[in-house]
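Biologist: I would like to learn how to read the features of a protein model. Can we take them one at a time?

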Amino acid sequence: MAVIAGTESLEAPLDHPREDGEDRTNLIINYLPQAMTDNELYSMFITVGQIVSAKIMRDKSSGYSYGYGFVHYQQPQDAAKAISTLNGLQVSNKRIKVSYSRPNTADIKDTNLYVGNVPQGITEEDLQNLFGPYGNILTKKLLRDQGGKVKGIAFIRFSKKTEADAAMADLHGYQLPGASRGLDVKVAEDHGRQKAAFYAGWMV
């Protein structure tokens, strides 16, 4: 099958490097349980080999986990072993996905949406019904205070940027029944910068 120049990175499987020169030490771990900590992520992957860093991506203001993180190994053989031994592992109520991170894969960038002006009475099921038609939702979270009251903020993470873009284009400004203001839908803050920092090998 012919591959259009420049699209190879989007088509290549994530369980092995595209080419010999690719970084083989940085892994992305998807479907992490919401309650998992950085220390727990580190403890899970250090069993395979020496780690440079392990970090779960979170919203800086709320601390909400985006449900994925990065693990950077010292040795490429340890990263490969982590994929073969830990990919698909059941952790709490999630089955994690371990694969090589792809900094230049456009489809995984900016997939997490911040949703503001969420009115009281809205549930996670309502969010699923509203955003679900636009694509595959990996995680959704309606922030609540200690008393269970909706804070007016939600996070929706899609599997692809095109899905997130479509939802953002259609639903930004959309006014739910009983709401006084339209929804504020945008790419979650710090999402892109945190990823870029990890791809560059920096800790954030």
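**Strands, helices, rings and cores**

Modeller: In strand 3, His72 is the bridge partner of Asn26. The model is predicted.

Biologist: In which sense do strand 1 and strand 3 pair, and over how many bridges?

Modeller: Strands of a sheet pair through backbone hydrogen bonds, in either a parallel or an antiparallel way. Here strand 1 (residues 26–30) and strand 3 (residues 65–73) pair in the antiparallel sense, over five bridges.

Biologist: What is the order of the strands in the open sheet?

Modeller: The four strands are ordered 2-3-1-6, and their pairing is antiparallel. From one strand to the next, the twist averages 20 degrees.

Biologist: Which strands does helix 2 touch?

Modeller: Helix 2 (residues 38–45) packs on the sheet and touches strand 1, strand 2, strand 3 and strand 6. The direction of helix 2 makes about 140 degrees with that of strand 2. Helix 3 (residues 76–86) lies across strand 1, strand 3 and strand 6, and runs at about 150 degrees to strand 6.

Biologist: Which residues of the largest nonpolar core touch the most other members?

Modeller: That core has 21 residues, and Leu27, Phe45 and Tyr73 touch the most other members. Two or more residues come from each of strand 1, helix 2, strand 2, strand 3, helix 3 and strand 6. Helix 3 gives the most, with four residues. For Tyr73, leaving aside residues up to four places away in sequence, the contacts include Leu27, Phe45, Val52 and Ala82. Another core, of 20 residues, lies apart from this one; among its members are Val115, Phe131, Ala164 and Leu171.

Biologist: Phe131 brings us to helix 4. Which residues of helix 4 (residues 124–131) are buried?

Modeller: The general idea is that an α-helix has 3.6 residues a turn, so residues three or four places apart point the same way. In helix 4, Leu127, Leu130 and Phe131 are buried. Seen down the axis of helix 4, the buried residues fall within an arc of 80 degrees, so they line one face. The face turned away from that buried side carries the exposed residues Glu125 and Asn129. The cover over the buried residues of helix 4 includes strand 7, strand 8, strand 9, helix 5 (161–171) and strand 10 (184–187).

Biologist: Now the rings. Why is the pair of Tyr66 and Tyr68 stacked?

Modeller: Planes under 30 degrees apart count as stacked, and over 60 as edge-to-face. The structure holds six aromatic pairs. In the pair of Tyr66 and Tyr68 the ring centres are 6.5 Å apart and the planes stand at 20 degrees, so this pair is stacked. Tyr66 is buried at a relative accessible area of 0%, and Tyr68 is buried, also with 0%. Tyr114 and Phe155 form an edge-to-face pair, with 6.0 Å centre to centre and 75 degrees between the planes. That pair links distant parts of the chain: Tyr114 is in strand 7 (residues 112–116) and Phe155 in strand 9 (residues 150–158), 41 residues apart. Phe155 counts as buried at 1% relative accessibility.

Biologist: Which residues form the aromatic cluster?

Modeller: One cluster is formed by Tyr64, Tyr66, Tyr68, Phe70, Tyr114 and Phe155.

Biologist: Is Thr139 buried or exposed?

Modeller: Thr139, in strand 8 (residues 137–144), counts as buried at 12% relative accessibility. Not counting residues up to four places away in sequence, Thr139 touches Tyr64, Tyr66, Phe155, Ile156 and Arg157.

How values were computed. Residues are numbered from 1 along each chain as its sequence is written. This is a predicted model: local features need pLDDT of at least 70, side-chain atom pairs count only at pLDDT 80 or more; totals for chains, interfaces and linings use all residues. Side-chain values use heavy atoms; hydrogens and water are left out. Buried means under 20% relative accessible area, exposed over 50%, partly exposed in between (1.4 Å probe, protein chains only). Two strands pair if DSSP finds at least two bridges between them. Axes are lines fitted to C-alpha atoms, for helices over the stretch in contact, and angles run from 0 to 180 degrees between N-to-C directions. Contact means heavy atoms within 4.5 Å. A nonpolar core is a set of buried Ala, Val, Leu, Ile, Met, Phe, Trp, Tyr and Cys residues joined through side-chain atoms within 4.5 Å. The arc is that of the directions from the helix axis to the C-beta atoms.
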